[in-house]
Every structure is written in structure tokens, then in C-alpha cells.
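Could you walk me through a few parts of this model in plain words?

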Amino acid sequence: MDASDHLLRRATPSALLTLDGAIHSLNEAMAKVLDRPAKQCVGRNLGDLLPESQRTAVESLVAHAATTMTVVMRVLEFPGPGAARLVCLVEARLTRDPADGEQLVWVHSLNAGNDLGGLVIPFRLAAKAADLGVCMYSPQEHQLEWLGGAPALAMLFPEASVSLSSVVRRVHPDDRGALRRLVRSTAAESPWIKLRFLTERDGWHLLACQACRVQLGYGGPQRVFGVIRDDTKREARRRKALVALSAARQRADEIAAFSSALITAATEQEVQQVLLTRLAATFGGTGAALALVAEGRLRVSSDAGIPMPVAAVHGLSLEDPSALPYAIRTGKPQFMRNREEYIRHWPHGVMVPYFDQLESGYAVSITSLGSVGGQPLGGWAVTYEGEHHSSPDERALMITLADLTGQALRRVRSREVRVELAMALQDAMLPTLPKHLPGLEVTVRYRPSRDGLDIGGDWYDAFVLPCGAVAFEIGDAQGHDVNAAAAMGQVRASMRAIAACEPDPATVLTRTNELLVTMDAARFASCTMLYVDPCDGQVTGSSAGHVPLLYACDDGRHSIRELPGGPVLGVLPDADYNEGTFTLDKNAALILVTDGVVEGPSLTLEAGLERVATLAAQAAHDGLNAEETADRILDAMVAVDHIDDAAVLIIRRA
């Protein structure tokens, strides 16, 4: 046995360390508090066997003992053999191993039973540095003793020692169970919990608490230490940040919805509706007005929140010395935070005489919508009750949305001009049916596609042939735009011209196809053509890839008739077309349709044909005329969400 073994012959934890902190030897008590066998401790650095927070303290303790050659003391925390942490006052001093003269540092715990308060000093200092509070609970006495820490937290507990029951009474009823579980915890360290605590001075505080079970000194008593953090201000800041974030998200959503509504607006009326329903709310105003320029004057509309009569501005000249015409004329926005500023800038403004009628203050933000072809489009005004200072971000957003509104107006007006031209073209292309066809009742309905320019390539025609028969056409040229309408007109005119010289529908289709192929037409067309003799009801018909026609009787019977024919027009050269003949009975009707009537996203062609045939037969059975039957068919088409062009031609033999 080494001569230094007498230093380890103690009941309390003791160890000999090398000058760099490695364990040279130790007694069983030290191995016990390190919570591992002695063999696993020898050669290991003592700091590595303690909680990480203690490593600096151990290094400092050993270094001071080795270099100052004085007795050094420090409170250290050990893992301990049980659930509780062990806190000991440790002494370190330099010694020498008589066997080989090696210098060692002897560390051993001291009995601090008469001054347990000294063992908690490190806890107090650490708590104060971390802006925390620390208290100690004695399960036997059911008392909480405030140990210190952050001064602000000390104010929560004016008395140094209080009973647990008095603390519980000041905790919110919903949180008392959590507090009791906290102090009864047998774990070395509990999770953090939140408690609402009623203070004597400033109401409820939100406290975050954690319990740590600690043994004070080797063989000493166990206590529950409570670490407390006041999260009241932090929670208030968090809630404020969440409210701000929520408001920012809501504002972003509103702006996105505003922009989306402008982008999808299809008419000037829709643009106006978007602005007057969203503008004031987007910028926190109480009212909004939209002024559009027409022939050098303002055409004004507003929501119900404008505090002054809009009629005073309506019809105002762009040259008027007022804020709104100026902003529109020059493109320079006007942001006036109160009426005094407004009057200072625009003493002769048209709105100034109305300011005396206002019970509260007045602020206004005015922005131009830009111009088209060098001519101003218009502008908007957002009004506020009371003073309002527009931030740079708000001004930038208002200018951006105004520019987007101007783009929407330019797009809408351009589209409306194109639609007007296209509809005029289509009206010119579609014929007027003959008013009197003896023995026949004829009606037609046309509904354009919901896509494109609201025009399309569907067409119909009816005209009397030199032989006395009546020619009927219905067809569909590819597309839903001006070119489709032009192609439709080209095909219809060609067929009418050819029919004047040809004796049957099949030949008309053959010649029309040859013409279109020769012209290298960019679009193809499907078509059904009939020659109907009004005297005996004989029908001769041919189809160029078109949907079948429908036959409906007044007794409720109906059928779908597939005509002979050939391919669509304008694709295959040298195509031949066949024809078929049948009789149209009296009081029966032929229904010719384009695919937009009988085919759609929720309906197959076969099902659509059967559906329309049934409707037509029922209409005939109910005594409806051709006009009423056509309306019933179109109403049914809308119900199944058809989106293509749609034409219906009904021929009823009287």
C-alpha cells in the first residue's frame, strides 16, 4: 500500500489526481458519487466524469491547488448514486506520493452540514447570470425558501420562506395540478412547465418552472430546487409577434386576392367592382372612389364610405385645380395626411368647401392608373377619417396596385374592342333564316364558347334551292376565335354557292372539300347538309364527319340517325361523300346540333345524343313549338356544364 493511501482512508469521497486532473486513485465513496466502478475511474479526467457544467470548475480547482500550493475549496456537483444530484464542498491541496515523489492533488469532500446555505451559492449565482430565480422546497416541512437569482423574480416572492399551500393558492386553478406534480417529481430533472401566477403588485405572470432534485452534501438531506423563469414579457412579445404575423399574412392574402381579382376581371364593370369592394379595406381607409377619364372629364363611382358628395367631382375637367384631376393628369400621386395639408396644397380644390361638414378629420391618398396612348386612364382615391400618414411601403403598394389596375383596364378595353369586332364579323358571317318556308317550321339557336373571344366556328344556314327544296346546313369549323369565325364564313359561303349548281348534298360536300384542300385551308370543318322537300317531306342528307342528327315525333318516339357521308372537310383530297334519303313525317322534327350541345366534361357523345333526342320528343309530345323546343335543349346543355360552341337547328314539318 502506498504511503498516500491514508488520504483515501476516509468515509467521505476522496481521490488523488495528477496535475492535469486525471484520477490516480480514489476510494469507494468517491467511486460511488461518480456512479461507476473504481476501475473505470482510474486514469480518467475527473472533469469528464462530472456533469458538463462542472468541467471548468474542476479544471480551475486542480490548477489553483497545483500552482498556488494553497488549500482551495469549491462547490462541485456530482452525478450521485441515485436520482438526485449530489452537491459537495470539495477541498483540494497539493501533496506528494512518498513512493515515487510524484506530485498529486488531493481532492475530498468536506462536511458542510452546519452551513448548507453555502452549497447553494453556485445555484444562486448561475440563476442570476441566466436571469432566473431559484427556490428550494423541503418536502418534510412543505416550505418553499427563496434562494435568490434575478432581482425581478425575487419581487414575485416578497417573503423569504412561504408554505407550499400559499403558493398553490396564487397559482391559476387550471395549473395547480402541474405544480403539485412538479414538486413531487422523483426525477433528477423535470421538464419545464408553464404556470400562471398571481402577484401582489402587477397581476398575473406566466412562469416557466423546472424542478431539480439535489442532495446537499455527502450523506446530507435531499431537497427539490425550483428554477423559475418569468415568461410574461416574452409571451406578450410572442403574442404580439404572432398577431403582427397573422395581420401580415392576412394583409398578404388580401393583396393577393385583390391582384387575382384584377387579373381575372373580364369587363370594365368587374374592374370597378373589384376596386370599390376591396380598395378601402386593403389600405385601412373608410372610403374609396374610382375616377375614369372620358372625353377629358372624370366619370366617378364610389363605395358608401366616402364622407363627401362624389357628385362634386363627377364630370370634373382634367384641368381643374384639384388633387384628383392633377394626380390623373400628371401621374404624380398625392398623399395628404389631414385636411389642413389638403387645403395648403389645393386651396381652390373642389372638395374644400365640403370640409366644414366633416365631424372628424380627413386624409386622402390619390393615385393615377396610368395612361393608354398618351391619354390618362383615370385614378383612385382612398379617404380616411382623421389624420393618416402613409408609410413608404403603403405608398409603394398603392402605386403598384394602381399600375396593375391600369393594366387590367387596358387589357379589358382591348379585349372588348376585339370582341366587338369579332362578334360583328360573326354576325356578318351567320345568315338570317328565311322568314316563310311553306310546310316547315324552322328555328335556330347559337351560343358561343365560354373560352376565347366568345365567338366560334359553329354555323348554320338555310336557303331555298332552284328546284324548290330547302337546303339546311349545320357545321363546326375548328377553333373559338376570329380565325375560326372567318373559316366558318368561308365554308358556309362556298357551300351555298356550290349548292346553287349541284343537285344533291353529297356533291356539294365533295366540291367544298376539293375547294378547301386546294386552298390549303388552315382549319378543317365538320358539316351536315340536308335537302328537304316541304311538299312530301323527303329528306336527302350527307355528313362530313359531323355528329348524327336526331328525329323526334309528337307521340314521344325518337331516334338517332347516322347519315352516310365522308371525312371532315379540308383534310383529305379526292374524298367522296355519300348520301341517304328518308321521309320527315308530319308533326315530326329533325334536330341538327353541333358537338357542343351533346358532348361535354360530364357527358359522352352517345349519352348526349340520347338525352337531346328524348328532350325533343318530350317537347313535341307536350305540344311545344320549334322555338320552345330549342330553348329547352339549350337550357339542358347549360345544366351539364358544356363549354364548347353550341348550335341547334330544328326543322319541323307542319
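Buried in helix H4 are Ala 57, Val 58, Leu 61, Val 62, Ala 65 and Ala 66, where buried means under 20% relative accessible area, exposed over 50% and partly exposed in between, with a 1.4 Å probe and protein chains only. These residues lie on the same side of H4, because they cover an arc of only 155 degrees around the axis; the arc is that of the directions from the helix axis to the C-beta atoms. An α-helix has 3.6 residues a turn, so residues three or four places apart point the same way. On the other side of H4, Thr 56, Glu 59 and Thr 67 are exposed.

This is a predicted model, in which local features need pLDDT of at least 70 and side-chain atom pairs count only at pLDDT 80 or more, while totals for chains, interfaces and linings use all residues. Residues are numbered from 1 along each chain as its sequence is written, and side-chain values use heavy atoms, leaving out hydrogens and water.

What covers the buried side of H4? The elements that cover its buried residues include those in this table. Helices (H or I, at least four residues) and strands (E, at least two) are DSSP runs, numbered from the N terminus.

| Element | Residues |
|---|---|
| strand S1 | residues 14-17 |
| helix H3 | residues 46-49 |
| strand S3 | residues 72-78 |
| strand S4 | residues 85-96 |
| strand S5 | residues 103-110 |

The length of H4 (residues 55-68) fits too: at 1.5 Å a residue its 14 residues should span 20 Å, and its end C-alpha atoms are 20 Å apart, which agrees. The expected span is 1.5 Å times one less than the number of residues. After H4 comes Met 69, with a positive phi near 55 degrees.

Next, Phe 123, which sits in helix H6 (residues 121-129). Phe 123 counts as buried because its relative accessibility is 18%. Apart from neighbours within four places in sequence, Phe 123 is in contact (heavy atoms within 4.5 Å) with Glu 77, Val 87, Val 134, Val 214 and Phe 225.

Five strands form it in the order S19-S29-S28-S24-S25, an open sheet with antiparallel pairing; two strands pair if DSSP finds at least two bridges between them. Strand S19 (440-447) and strand S25 (558-561) are the edge strands, each pairing on one side only. Within the sheet, three bridges join strand S24 (residues 549-552) to strand S28 (residues 589-593), and Leu 550 has Ile 591 in S28 as its bridge partner.
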